[in-house]
Amino acid sequence: MKTVMILGGSKGVGKEILLSCISKGYNVAFCGRNSNLAKEIIASTNAENQLYFHKLDLNNIEGIEHFYKATIKRFEKIDALVLYAGITPVASILQTEEEVYDRVFNINLKAPFFLLKHVLKSMIEQQSGSILFFGSAHMDYGEIDRAPYALTKSTLYTLSTHIAHHYAKYGIRSNYLVMGWTNTEGEINLRNKEGVSEEKLMEKASKIIPMGRMLKPTDPIPAVMHFISDESAMTTGSIIRVTGGEYI
C-alpha cells in the first residue's frame with residue numbers, strides 16, 4: 001500500500017487529491033491549520049486508518065520536521081510527496097511590503113524546501129519515491145500584480161528539475177504540474193474581497209482561457225494520480241500543463 005504525503009490537503013485540489021488517494025486504498029498524511037475541518041474530512045471518508053492529519057503552520061520550520069517524523073511513525077514510509085499548499089497575494093513589485101514578501105516565500109518555497117530535506121532522506125533509503133510540485137502559469141513571468149508569487153513558482157520548477165537531475169540515481173522522480181485558473185475556495189474568497197462575485201469570475205475566465213472555462217478542482221486529479229502511480233516510473237523532470245490552454 002502506498003503512502004502519500006500532502007503539503008496541504010484539507011482544501012481545494014489538495015482535498016480532491018486526498019479523496020482520490022483514499023479511493024485507491026493509499027495511506028495519506030496531510031496538514032493544515034484547521035483541526036476541525038480535518039476531522040470532518042476524516043469522518044466523511046470512513047477511512048480513519050488510512051489518514052493522518054498534522055496541525056501545522058507552514059511558517060514553522062520545526063513543525064515541518066515534526067510533520068515528517070509523525071508521518072514516518074504512523075505509516076513507516078513515504079512513497080509520494082505532493083507539494084500543493086501555497087498562497088497567492090495580490091502584489092506588484094511596487095506594492096510588495098517586506099511582510100508580504102516574507103510570507104509568500106516562507107509558505108510557497110521555504111516550507112517545501114525543508115520538508116524535502118527530510119523526505120528525500122527517507123526516499124533515498126528506500127531507493128524510490130515520487131515528488132510532485134504544484135506550479136502555476138505565473139511561473140514564466142506572471143501577472144503584474146503577482147510578482148512574489150511568480151518568483152516562488154518559477155523557483156519551485158528549478159527545484160523540481162534539480163531533484164530530477166541529481167536524485168534519479170536513487171530511484172526518485174520529480175515532476176511539475178502547472179495548474180491553471182481554478183475555482184477553489186481560496187480563489188473565490190480572494191475575488192469576493194475584490195468585489196467580484198463567483199458568477200462574474202466565471203464569466204471573466206471564460207473570455208480569457210482558450211478552452212472556455214476555469215478548471216474545476218477535480219480537473220488536475222488524473223495527472224496527479226498518474227505521477228503518484230507506478231505508471232510514471234520512468235517519468236522525471238517533466239512539466240505538464242493543466243491550464244485549459246492558458247499562458248500568462
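Phe113 has a relative accessibility of 43%, so it counts as partly exposed. The limits behind that label are simple: buried means under 20%, exposed means over 50%, and partly exposed lies in between. Phe114 comes next, at 26% relative accessibility, and therefore counts as partly exposed as well. The model is a predicted one.

The structure holds six aromatic pairs. Phe113 and Phe114 form one of them: the ring centres are 5.3 Å apart and the planes meet at 70°, so the pair is edge-to-face. The angle decides the label, because planes over 60 degrees apart count as edge-to-face, under 30 as stacked, and the rest as tilted. Tyr167 and Tyr170 make an aromatic pair that is tilted, with 40° between the planes and 6.1 Å from centre to centre. Tyr167 is partly exposed, because its relative accessibility is 22%. Tyr170 has a relative accessible area of 25%, so it is partly exposed.

Now step back to the whole chain. Its secondary structure comes to eight helices and seven strands. The C-alpha trace spans about 45 × 40 × 35 Å along its principal axes. Why does the radius of gyration agree with a compact globule? For 248 residues such a globule would have a radius near 18 Å, and the chain has 17 Å, so the two agree.

Of the 248 residues, 52% count as buried. Take the contacts between residues at least 6 apart in sequence: 71% of them join residues at least 24 apart. The chain exposes about 12200 Å², and carbon and sulfur atoms supply 51% of that area.

Turn to helix H8, residues 221-228. How many of its eight residues are buried? Six are, and the helix is mostly covered. The buried residues are Ile221, Ala223, Val224, Met225, Phe227 and Ile228. What do they pack against? The partners include five strands of the chain by name: S1 (3-7), S4 (80-83), S5 (129-136), S6 (172-179) and S7 (239-242). Helix H1 (12-23) is a partner too.

Helix H4 runs over residues 98-126, and Asn108 lies in it. Is Asn108 buried or exposed? Its relative accessibility is 1%, so Asn108 counts as buried. Setting aside residues up to four places away in sequence, Asn108 touches Gly86, Ile87, Tyr149, Thr152 and Leu156. Gln126 is 18 residues from Asn108 in sequence, and their C-alpha atoms are 27 Å apart in space.

Arg103 also has its place in helix H4. Arg103 and Arg213 are 110 residues apart along the chain, and 30 Å separates their C-alpha atoms.

Helix H5 covers residues 147-167, and Ala147 is in it. Ala147 has a relative accessible area of 16%, so it is buried. Which residues does Ala147 contact, leaving aside neighbours within four places in sequence? They are Ala91, Ser92 and Ile93. Pro89 is 58 residues from Ala147 in sequence, yet their C-alpha atoms are 8.9 Å apart in space.

Two loop residues close the walk. Asn46 lies in the loop between helix H2 (35-45) and strand S3 (51-55). Its phi is near 55°, a positive value in a residue other than glycine. Asn46 has a relative accessible area of 67%, so it is exposed. Gln127 sits in the loop between H4 and S5. Gln127 is not a glycine either, and its phi is positive, about 60°. At 44% relative accessibility, Gln127 counts as partly exposed.

Key:
Residues numbered from 1 in each chain as written. Predicted model: local features only at pLDDT ≥ 70, side-chain atom pairs only at ≥ 80, totals over all residues. Heavy atoms only, no water. Helix = DSSP H or I, 4+ residues; strand = E, 2+ residues; numbered from the N terminus. Rg over C-alpha atoms; globule rule 2.2 N^0.38 Å. Buried < 20%, exposed > 50% of the residue type's maximum accessible area, 1.4 Å probe, protein only. Contact = heavy atoms within 4.5 Å. Areas by Shrake-Rupley, 256 points an atom, 1.4 Å probe, with all protein chains shown as cover. Phe/Tyr/Trp six-rings, centres within 6.5 Å; stacked < 30°, edge-to-face > 60°.
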